[in-house]
Amino acid sequence: MKIGMLTGGGDCPGLNAVIRAVVRKGFFHYHDEFVGFLEGWRGLIDDMSMSVDLDTVSGILPRGGTILRTSRTNPSKRTDGIDRCIATLGKHKVEALVAIGGDDTLSVAQKLHEKGIKVVGVPKTIDNDLGGTDYTFGFDTACNVVCEAIDRVHTTAEAHNRVMVVEVMGRDAGWIALYSGIAGGADVILIPERPFDVDKVAESIRQRHERGRYFSIIVVAEGAKFSSDSGNGAPILQDMGKDEFGHAKLGGIANILAREIEKRTGFETRAVVLGHIQRGGSPSAFDRVLATRYGLGAIDMVHRSEFGCMAALRANKIVSIPLKEAIARNRTVDDEMIEIAEGLFEEVGVKEAASK
Ligand code: F6P
C-alpha cells in the first residue's frame with residue numbers, strides 16, 4: 001500500500017520513533033511505500049511532502065522533534081482546507097493516512113474519516129490528557145525533564161532559604177505537574193483540576209517554615225487557576241492570541257504566584273518557567289518503546305482496515321479505539337490519582353507535604 005504520514009500539533013520527543021516504527025514494519029512486513037506530509041495538516045493543504053523510506057528513518061529513534069516538522073494548522077479554518085487535503089491525498093495516490101497528534105490533529109483526522117478517507121490516528125502530547133489511552137508518548141520524557149529541574153531548584157532554594165515556584169506545561173490537565181511534583185518531592189502541587197486559594201498556599205508555606213524547613217518548592221501547571229475567592233478563576237494568559245484551534249497561549253502564573261506568596265509570607269520567592277524545554281531533546285527509553293509500540297500498532301491497524309480509529313494503550317496493551325471516543329473529552333487528573341498524591345500531602349494544591 002502507499003501510506004501517507006503526518007505529525008501535527010505541539011511536538012514532543014518520540015514522534016520520530018513512531019515514524020520509524022510505522023515505516024520499518026510497513027516496509028519489512030507489508031511491503032508498503034510511504035510519503036510524509038510536512039508541517040502537520042499544512043502539508044496536505046499546500047501539498048508539501050517528502051518521500052520516506054528505510055534510509056529516511058535510519059538513526060532517528062533518539063532524535064527529538066519530528067523529521068516531518070509540525071504545525072497547528074487547522075484545515076477547517078482555511079478556504080476549502082478539508083477538500084484540499086483530500087485532493088492532495090488523491091494526487092499522491094495515498095491509500096491510507098497515519099496522523100500522529102493530539103486532540104486537535106485527531107479531530108481533523110475524524111473529519112477526513114467522515115469524508116471517506118482511510119485514516120488511523122496515533123495519540124501524542126506531553127500533557128497526557130488525550131482521552132481513550134492510558135499514556136501518550138512524550139509525557140514520560142517531559143516528567144523526567146521537570147523532575148531534573150526540580151532537583152536543581154531544590155539546592156538553590158535550600159541555599160537561599162527561598163520559595164521556588166516552578167511552572168510546567170499542562171493546559172487543561174495537571175498530569176505533568178502531579179507526576180513531576182511527586183517525583184521531585186515538591187511541597188505544593190497546583191493543577192488546573194483544583195483551583196487554589198493563594199492564602200492557603202501561603203499559610204502552608206508559613207507552617208512549613210515554622211517547622212524549620214526554610215525553603216519550599218511549588219510546582220504549578222500553566223493552566224492552574226486561582227480560586228474565585230483569591231482571583232477570578234480564569235487561567236493566566238501570555239497574551240490574547242489564539243491558535244487556529246482556538247487555544248489561548250497560557251503562561252505566567254508562576255510569576256504572579258511568586259509575587260503573591262512573597263507579599264503574604266515575606267519569604268524570598270522566585271519563579272522558574274520551564275516552558276518548551278519540556279518538549280525538547282531526546283525521548284526517554286520508556287517513550288521510545290511506547291512510541292514504537294504505537295507505530296507498530298498503527299501500521300497493523302491500517303492493514304486490518306481499522307480506519308477512523310486510534311492506537312491506544314490500555315492496561316499495557318496496544319488496542320484500537322474509535323477516534324470519536326478519543327477526542328470526545330480531555331483526560332484530566334482523576335480523583336484517584338489526586339488521592340494518591342494526597343497520601344504525601346494533606347491536600348493537593350493547598351497543603352504542604354508531610355514533613356520530609
Ligand atoms: O499541547 C502541548 C503543549 O505543550 C501544552 O502543554 C502547551 O500549553 C502548548 O502545547 C504550547 O503550544 P505552543 O508550542 O504552540 O506554544
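How many residues does helix H6 have, and how far does H6 reach from its first C-alpha to its last? Helix H6, residues 139-160, has 22 residues and reaches 31 Å, close to the 32 Å expected at 1.5 Å a residue; the expected span is 1.5 Å times one less than the number of residues. Helices (H or I, at least four residues) and strands (E, at least two) are DSSP runs, numbered from the N terminus.

Before we go on, a word about the model: it is predicted, with local features needing pLDDT of at least 70 and side-chain atom pairs counting only at pLDDT 80 or more, while totals for chains, interfaces and linings use all residues. Residues are numbered from 1 along each chain as its sequence is written, and side-chain values use heavy atoms, with hydrogens and water left out.

Let's stay with H6 for a moment. Its buried residues (under 20% relative accessible area, where exposed is over 50% and partly exposed is in between, with a 1.4 Å probe and protein chains only) include Phe 139, Cys 143, Val 146, Ile 150 and His 154. The buried residues of H6 pack against strands E6 (163-168), E8 (216-221) and E11 (269-273), and against helices H7 (175-184) and H10 (285-303). Just past the end of H6, Asn 161 has a positive phi of about 50°.

Seven of its 10 residues are buried, so H7 is largely enclosed by the rest of the structure. Among them are Trp 175, Ile 176 and Leu 178. Its buried residues pack against H6, E6, E7, E8 and helix H12 (335-342). After H7 comes Gly 185, with a positive phi near 70°.

Stepping back, the protein is divided into domain 1 (2-137 + 283-314) and domain 2 (139-280 + 334-354), with bounds that come from an automatic or database domain assignment. The contact (heavy atoms within 4.5 Å) takes 24 residues from domain 1 and 20 residues from domain 2.

Two buried charged residues deserve a look. Lys 124, in the loop between strand E5 (119-123) and H6, is buried yet has no salt bridge, and the nearest side chain of opposite charge, Asp 103, is 7.4 Å away. Here Lys and Arg count as positive and Asp and Glu as negative, while His and the chain ends are not counted. A salt bridge is a side-chain nitrogen of Lys or Arg within 4 Å of a carboxyl oxygen of Asp or Glu. Leaving aside neighbours within four places in sequence, Lys 124 is in contact with residues including Gly 8, Gly 9, Gly 10 and Phe 137. Asp 197 sits in the loop between strand E7 (188-190) and helix H8 (198-210). Asp 197 is also buried without a salt bridge, with Lys 200 as the nearest side chain of opposite charge, 5.1 Å away. The side chain of Asp 197 does reach the backbone nitrogen of Asp 199, at 2.8 Å.

The side chains of Arg 264 and Asp 199 meet in one of them (2.6 Å, N to O). Arg 264 lies in helix H9 (residues 253-265) and Asp 199 in helix H8, so the pair ties together parts that are 65 residues apart in sequence. Arg 264 is partly exposed, at 30% relative accessible area, and Asp 199 is partly exposed at 38%. Both belong to a network of salt bridges that links Asp 199, Arg 259, Glu 260, Lys 263 and Arg 264.

Key. Polar contact = N/O pair within 3.5 Å; in protein donor to acceptor, adjacent residues only side chain to side chain.
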